[in-house]
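This briefing sets out the secondary structure, the sheet and the helix packing of the protein shown below. Please read it with the structure open.

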Amino acid sequence: MPSPRRYPFPTWAIAVLLAILYGPLLAHWVDGWLHKTISIQHEYFSHGLLGLPFAAYVAWGKRKAWGELPNRCHPLGLGLVGLACLMYLTRLPDWMNLSLPVMLGGLCLSLKSMAGLRLQAISLVLVALATPNQLPYLIEPYILPLQQFIASVAGFLLSQFGIPVTVESIYVYVNGQTVEVAPHCAGLKMLFTGLYVALMLAYWTGVYTSRLRTVLLFAGTVLITLVGNILRNAMLSYFHGTGRSGAFEWLHESWGGDLYSAILLLAIVFWLRLIQDRVPASLKLAVQSPSSSV
């Protein structure tokens with residue numbers, strides 16, 4: 001039986017090269033995620049603060065299974081590695097960012113072929129979904145109906161408490177003060193974060209093995225983020241319209257917004273626990289055959 005092919009370039013050397021190439025890039029991502037004023041694009045993907053360490057943890061836990069896979073090089077892997085190098089060398093921010101998941105996928109194929117790609121699939125997906133890119137800006141023009149819906153419901157809620165409010169399209173007026181339900185404030189970022197965390201939880205708990213539970217988890221996540229952002233915009237409109245500028249800034253740009261997001265993420269965790277406790281892994285319908293007449 002032929003011995004597995006040994007690569008002239010050891011794995012540790014590949015890891016060192018990746019750290020040299022992408023360490024500064026990852027540091028720039030984290031800086032953008034922590035300091036929101038740097039770039040809204042970075043803030044859209046701040047869920048990477050949770051996802052990238054989790055992806056590394058999952059990949060590290062599979063190191064034994066990785067070592068047991070035969071060393072096989074898939075031709076597509078070399079092509080992806082070359083493409084990632086070209087993307088990195090362009091020095092264009094978006095291309096450099098996207099070169100990371102392309103490079104990692106190419107290395108999996110180059111070192112362990114399709115088996116390696118399947119083994120590390122969840123880690124690669126988490127890295128790809130946390131990579132800053134222009135996708136939110138491509139989606140924003142299509143969420144105007146969502147913005148209008150959130151503004152209308154927020155205005156309705158305020159009116160139930162006797163607050164004079166007027167809603168025009170995506171603008172909520174309280175005492176002549178205007179709050180715009182912008183795409184970012186309409187929950188697009190929170191929706192991305194909620195779905196990302198739901199994906200992590202689904203893998204961590206094994207819920208992804210049940211289609212029924214998975215559908216309920218993601219549907220509930222969408223609903224939680226939608227309701228949460230309606231309430232947030234209603235509170236922002238109230239604070240701004242009644243002159244409570246301190247409360248407005250706290251919830252809008254300070255740590256109050258982070259606290260509110262954390263509460264919504266905890267609600268997703270509780271929703272998952274409820275699904276695990278009350279929903280079966282699958283629905284089994286008993287088919288009763290008609291009794292034969294004598």
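Helices, here, are DSSP runs of H or I with at least four residues, numbered from the N terminus. Under that convention, Trp60 belongs to helix 3. The model is predicted. In total, the protein has 13 helices and three strands.

**Overall composition**

- Of the 294 residues in the protein, 40% are buried.
- Among contacts in the protein with a separation of 6 or more, 71% are between residues 24 or more positions apart.

- The three strands form an open sheet in the order 1-2-3, with antiparallel pairing.
- Strand 1 and strand 3 (177-180) are the edge strands, each of which pairs on one side only.
- On average, and with direction ignored, neighbouring strands of this sheet are turned by 20° against each other.
- Strand 1 (residues 165-168) pairs with strand 2 (residues 171-174) over four bridges in the antiparallel sense; Glu168 stands opposite Tyr171 of strand 2.

- Helix 11 (residues 211-241) lies across strand 2 and strand 3 and runs at about 155° to strand 3.

**Helix 3 and helix 7**

- Helix 3 (residues 48-61) packs with helix 7 (residues 121-129) at an angle of about 165°, and their axes are 9 Å apart.
- Since angles over 145 degrees count as roughly antiparallel, helix 3 is roughly antiparallel to helix 7.
- The two helices, helix 3 and helix 7, cross in a left-handed manner.
- Helix 3 contributes Gly51, Leu52, Phe54, Ala55, Val58 and Ala59 to the contact, while helix 7 contributes Ile122, Ser123, Leu126 and Val127.
- By class, the residues of this contact are eight nonpolar and two polar, with no charged residue.
- Trp60 and Ser123 are 63 residues apart in sequence, and their C-alpha atoms are 9.9 Å apart in space.

**Helix 11 and helix 13**

- Helix 11 and helix 13 (residues 255-278) pack at an angle of about 150°, with axes 10 Å apart.
- The crossing of helix 11 with helix 13 is right-handed.
- From helix 11, the contact includes Arg213, Leu216, Leu217, Gly220, Thr221, Ile224, Gly228, Leu231, Arg232 and Met235.
- From helix 13, the contact includes Tyr260, Leu264, Ala267, Ile268, Trp271, Leu272, Ile275 and Gln276.
- The contact of helix 11 with helix 13 comprises 12 nonpolar, four polar and two charged residues.

Conventions:
Residues are numbered from 1 along each chain as its sequence is written. This is a predicted model: local features need pLDDT of at least 70, side-chain atom pairs count only at pLDDT 80 or more; totals for chains, interfaces and linings use all residues. Side-chain values use heavy atoms; hydrogens and water are left out. Axes are lines fitted to C-alpha atoms, for helices over the stretch in contact, and angles run from 0 to 180 degrees between N-to-C directions. Angles under 35 degrees count as roughly parallel, over 145 as roughly antiparallel, 65 to 115 as roughly perpendicular and the rest as oblique. A crossing is left-handed if the near helix is turned anticlockwise from the far one by less than a right angle, and right-handed if clockwise. Contact means heavy atoms within 4.5 Å. Ala, Val, Leu, Ile, Met, Phe, Trp, Tyr, Cys and Pro count as nonpolar, Asp, Glu, Lys and Arg as charged, and the others, Gly among them, as polar. Two strands pair if DSSP finds at least two bridges between them. Buried means under 20% relative accessible area, exposed over 50%, partly exposed in between (1.4 Å probe, protein chains only).
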